[in-house]
Structures are given as structure tokens and as C-alpha cells.
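Please look over the sequence and the structure shown here. The paragraphs after them go through the model part by part.

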Amino acid sequence: MATDTPKQSADLVVVANRLPVDRTVNPDGSVEWRRSPGGLVTAIQPVMRDNDGAWLGWSGGTEGETEPFVDDGLTLVPVPLSEQEIAEFYEGFSNSTLWPLYHDVVAKPEFHREWFDSYETVNQRFAQKAAEVAAEGAMVWVHDYQLQLVPAMLRALRPDLRIGFFLHIPFPPTELFQQLPWRRRLLEGLLGADLVGFQRPGAAANFVRLVRQRVGHKTHRDTVYLPDGRRVEAGAFPISIDSHGLEELARSESVQSRAKEIRGQLGNPRWLLLGVDRLDYTKGIYARLRAYSELLNDGALDVEDAVFVQVATPSRERVEQYRRLRDDIDRLVGRINGDLGRIGRPAISYLHTSYPREEMAALYQAADVMVITPLRDGMNLVAKEYVACRFQDDGALVLSEFAGAADELRQAYLVNPYDINGMKGAILEALTASPKEKGRRMRAMRKSVAENDVKAWASEYLRVLSETEPMHDKHVRSSERR
Ligand code: ADQ
């Protein structure tokens with residue numbers, strides 16, 4: 001039975017920028033933690049339960065030091081951030097330096113020394129907290145670009161731990177990474193891990209090449225040999241979704257009838273196209289909607305029988321580039337609908353709403369074609385979610401070659417998101433393909449998504465991590481450390 005007492009020392013520690021809960025303060029002043037269901041927690045929860053797990057992360061607020069607590073059987077350890085750290089570590093270095101740089105400089109990265117200082121301070125705080133909660137010889141799994149210095153900082157504090165790191169976003173080609181004034185610090189930070197995981201094999205190769213060129217360590221294939229005899233493994237572990245859970249939801253009576261209702265509310269169009277993204281400049285929303293509007297303008301499609309539903313959840317709204325993007329897309333949608341829509345027949349049905357899983361499944365069920373065209377994306381879970389929901393082996397996926405998901409979903413209609421004519425052609429091809437052709441493609445993609453679900457991802461990563469060579473001084477006892 002789960003206890004309500006937070007674990008004092010955990011055998012598996014997940015360290016991520018955010019906790020899997022949001023802190024909300026009720027009108028009466030009481031504090032409540034609401035689960036924000038993400039794929040990561042779904043994947044890791046069973047292993048966390050089996051392994052005395054703890055999850056460390058920021059709550060999303062500025063409430064200062066908060067004691068660890070238990071939520072739904074998970075020990076959660078909040079790491080505080082100040083208002084200034086949110087601006088410099090999170091919105092600054094993480095989201096205005098690393099995010100654009102790691103996504104092919106789709107937007108211009110900003111370099112500010114004080115942002116990096118804040119990044120270092122916050123990473124040290126995460127490492128310190130992790131060192132406090134991890135049991136002797138525990139496994140610590142550090143996640144994503146906000147925490148790349150944590151592995152080395154943690155190893156310095158706790159050489160007995162087995163440390164894994166997983167990057168959810170792309171790792172850039174060497175030419176771009178070299179721009180970073182702190183490039184060597186970040187590489188050395190990651191080298192504190194025993195296993196550095198990426199979404200795609202090319203990212204692991206970029207990392208190993210950079211380590212050889214910039215830090216001067218010996219490497220062979222995906223292994224880095226450190227001067228102290230330690231080895232660091234790099235590898236690709238493409239993340240996935242709870243495919244079975246989602247398919248079950250999609251099959252449910254309520255989702256089926258909601259999907260019909262959605263189509264009805266849209267005037268029962270012959271064709272429903274769907275885009276679902278965080279409102280982010282990496283997702284290629286602007287060019288996609290332009291391509292669609294040109295299809296209407298050219299007469300290839302007509303608003304009487306086609307509608308594009310674009311769900312775009314606003315994110316990082318305090319960052320200037322995100323505010324500008326939102327304005328640009330708002331304006332574009334307004335113009336397209338103004339020019340091409342008719343009464344009761346908008347060309348684009350544009351929504352900023354965040355939906356529960358059931359509604360997402362109904363949207364995926366309702367859509368004839370899902371259009372996902374990021375300029376660069378680590379994986380893109382929406383692509384896999386759409387496929388998982390198409391249990392009748394129908395529907396079609398138009399997918400950017402530059403999404404990690406394109407490695408596995410080869411039977412999608414793959415497009416270069418910079419090529420507007422190419423996207424127009426692929427959308428038309430996907431819409432008009434025969435049911436037999438659609439079925440052939442969807443069956444193959446569904447097989448891949450069903451076989452490689454998020455549980456398989458987490459257990460494969462943890463298996464490889466647990467098989468990495470133990471540190472030569474792994475047997476340092478905690479008594480000697482103190
Ligand atoms: P993201 O950039 O956030 O993730 P993505 O992988 O598509 O992108 O995940 C988005 C998730 O949010 C999906 O599960 C989707 O269902 C959900 N979502 C989107 N809009 C929603 C809405 N309006 N309402 C409710 N849910 C919504 C980062 C990387 C990706 C990588 C993931 C996981 O950028 O490349 O795939 O992490 O590693």
C-alpha cells in the first residue's frame with residue numbers, strides 16, 4: 001500500500017524541470033497540487049512505484065522552499081525558483097538560448113552571460129536536492145535541456161550513483177552547437193552521466209563527435225572513454241506514448257459519439273484536416289496554414305467540403321518571440337478566414353484551448369488527415385497519438401521529415417516543411433488516396449506505435465542504464481563521503 005510519508009531516500013530518482021503536478025492556491029488560501037498528466041509520468045509511474053521512486057522538479061510557481069510530499073503514491077520533491085531565476089534560467093537560457101539553438105536556429109538564439117550564471121545556479125540546486133534524496137547506489141534519471149549540467153554536478157557530490165540523462169529535444173549539428181560560448185561546460189555536464197540518451201541516432205552521433213572535437217576524449221562509436229577510466233554511453237531511445245491506453249479510449253462509445261458530434265458541429269464536411277501543436281515557432285504552423293490556404297485559393301479544395309481545425313495551445317507567453325508568433329498566426333488565420341471563408345464555413349477553425357485526453361482522442365478520430373509539419377522536432381508525440389487512435393486503419397498522416405517521429409512512421413506522407421508546394425501536394429495526395437492505400441500505410445504505422453510504446457521506452461532506457469559499467473569508485477560508502 002502506498003504511504004503518505006515522503007521517501008527519505010529513493011532507489012530511483014527522476015529529475016525533471018517540472019513536477020508532474022501544478023500548485024494551485026484555492027480562494028480560501030489552501031494549497032492544492034493538481035496532476036498535470038504527461039506521458040513521462042504515465043511511463044515512469046509503474047517503475048517508480050516498484051523502485052521506491054522520487055520525482056524532483058519545479059512546481060511552476062515562486063512559493064519558495066516546500067517540503068517533499070506524496071501524491072498518488074509518488075514522492076514529489078519541489079525545487080524552488082525565484083522570479084529572477086524564472087526569467088534568466090527558464091525563459092532566458094533554457095527557452096531563448098538553448099531551445100532555438102537546438103532547433104536549427106529557427107529563431108535567433110540570444111546569448112547573455114547572466115542567463116548562464118543563473119542556469120548554473122539552478123542546476124546546482126537540482127543536483128544538491130537529488131544528492132539528498134538518492135539512496136546509496138541509486139539510479140538517477142535526469143531529463144532535458146534545462147538540466148544539462150546536473151549529471152556532472154551530481155557525480156561530484158555522489159560518485160556512488162548511476163546517472164542517466166535523456167534529451168527530449170534535438171541535439172544540434174556541431175556547426176550550430178559551436179556557437180555556444182558555454183559549449184564545453186555543457187558537454188562536460190552531460191559527461192557526468194553513465195548513459196546519455198537522445199531521440200534519434202544522429203543526435204547521439206553529433207554529441208560523441210563534439211565530445212571528441214571539443215573536449216578531446218577518446219571515442220569509439222557511441223562510447224566516450226574518460227581519462228579516469230569511466231565510460232559514457234550515448235544512444236537513441238525514441239520516446240513514445242501510452243498507445244494501448246489511447247486506443248482503448250478512442251474505441252470507447254463516448255469518444256466515438258463525440259467524434260461524430262465534432263464533425264456535425266463543423267457542418268459534416270467531406271474532409272476534416274487537423275493540426276495540434278503547442279504554439280511554438282518550431283512547429284511550422286504558419287507555413288502549414290499558408291499551404292492550406294493556397295489549396296483553397298487555387299480551387300483544389302473548397303470551404304464547402306473541407307475544413308482545417310488547428311488547435312494551438314499558447315505556451316511561454318512571457319517570451320517575446322512566442323508573443324510575436326501568436327500575433328502573426330492570429331493575423332494569418334483572420335486573413336485566410338476573411339478572404340476565403342463563407343457564412344458558417346470558416347476555412348480554418350482555430351482554437352487555443354487545452355483539452356482533456358478524451359477530447360483529444362475524439363479530435364483524432366474525427367480527422368481524415370492529420371497535418372504535422374514542424375521545422376524541427378525531437379519526436380512529436382501528436383503524430384503517434386493520431387496513429388494510435390486510428391484503430392479502423394483509416395485516416396492519413398502528413399508528417400515533416402524533420403520530426404523525430406519520421407524515423408519510425410515511414411509510411412506517413414513525408415514532407416519538407418519549408419517546401420510549400422511539396423506540402424500542398426502531400427495534403428492533396430493524403431486526402432485523395434484510396435481507402436486501400438490509406439489502410440496499408442496506417443496498419444504499418446499502428447504496428448510500430450503499438451509495439452514501441454512509452455512503457456517499452458522507459459524500461460529499455462532503464463535496462464541499458466542499469467547495465468552500464470559501474471563506476472570504479474562506485475563502492476565508496478556513504479560514511480566515507482560524509
Ligand atoms: P512538445 O514540444 O510539447 O514536447 P509533443 O511531442 O507534440 O511536443 O507533445 C505535446 C503533447 O501535448 C502531446 O501529448 C499532445 O497530446 C499534448 N497537447 C498538445 N496540444 C494540446 C491541447 N490543446 N490540449 C491537450 N493536450 C495537448 C517535447 C519535444 C517533442 C517530444 C516531447 C517528448 O519538443 O519533440 O516529442 O517533448 O519527448
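**Confidence in the model**

The protein chain averages a pLDDT of 93, and 96% of the residues score at least 70. This is a predicted model, in which local features need pLDDT of at least 70 and side-chain atom pairs count only at pLDDT 80 or more, while totals for chains, interfaces and linings use all residues. Residues are numbered from 1 along each chain as its sequence is written, and side-chain values use heavy atoms, with hydrogens and water left out.

Strands come next. Helices (H or I, at least four residues) and strands (E, at least two) are DSSP runs, numbered from the N terminus. Two strands pair if DSSP finds at least two bridges between them. Strand β13 covers residues 271-278, and seven of its eight residues are buried, so the strand is largely enclosed by the rest of the structure. Buried here means under 20% relative accessible area, exposed means over 50%, and partly exposed lies in between (1.4 Å probe, protein chains only).

Strand β13 runs parallel to strand β14 (residues 306-313), and eight bridges join the two. Within this pairing, Arg 278 stands opposite Thr 313 of β14. To get from β13 to β14 the chain passes through helix α10 (residues 285-298), and this β-α-β crossover is right-handed. That word applies if, with the strands pointing away from the viewer, the path from the first strand over the helix to the second runs clockwise. Strand β13 also runs parallel to strand β16 (residues 369-372), to which two bridges join it. There, Leu 273 stands opposite Val 369.

Strand β14 in turn is joined by four bridges to strand β15 (residues 348-351), again in parallel. The bridge partner of Phe 308 in β15 is Ile 348. With helix α11 (residues 320-340), β14 and β15 make a right-handed β-α-β unit.

Helix α12 (residues 357-366) has eight of its ten residues buried, so it is largely enclosed by the rest of the structure. The buried residues include Glu 359, Met 360, Leu 363 and Tyr 364. Among the elements that cover the buried residues of α12 are the strands β13, β14 and β16, as well as the helices α8 (243-251), α9 (253-265) and α13 (381-389).

Which residues are closest to the ligand? They are His 168, Tyr 355, Asp 377, Met 379 and Glu 385, out of 21 residues that surround the ligand, each with a heavy atom within 4 Å of it. Some polar contacts, pairs of N or O atoms within 3.5 Å, can be listed. A polar side-chain atom of His 168 lies 2.7 Å from an oxygen atom of the ligand, and one of Gln 199 lies 3.2 Å from an oxygen atom of the ligand. From Asn 380, a backbone N or O atom lies 3.0 Å from an oxygen atom of the ligand.

Two histidines are found in the loop between α2 (83-102) and α3 (113-133): His 103 and His 112. Is His 103 buried or exposed? At 1% relative accessibility, His 103 counts as buried. Its side chain reaches the backbone oxygen of Trp 99 at 2.9 Å. Not counting residues up to four places away in sequence, His 103 touches Ile 169, Pro 170, Thr 282, Arg 376 and Asp 377. His 112 is partly exposed, with a relative accessible area of 27%.

Key. pLDDT is the predictor's confidence in each residue, from 0 to 100. A polar contact is a pair of N or O atoms within 3.5 Å; within protein, one must be able to donate a hydrogen and the other to accept it, and residues adjacent in sequence count only if both atoms are side-chain atoms. Contact means heavy atoms within 4.5 Å.
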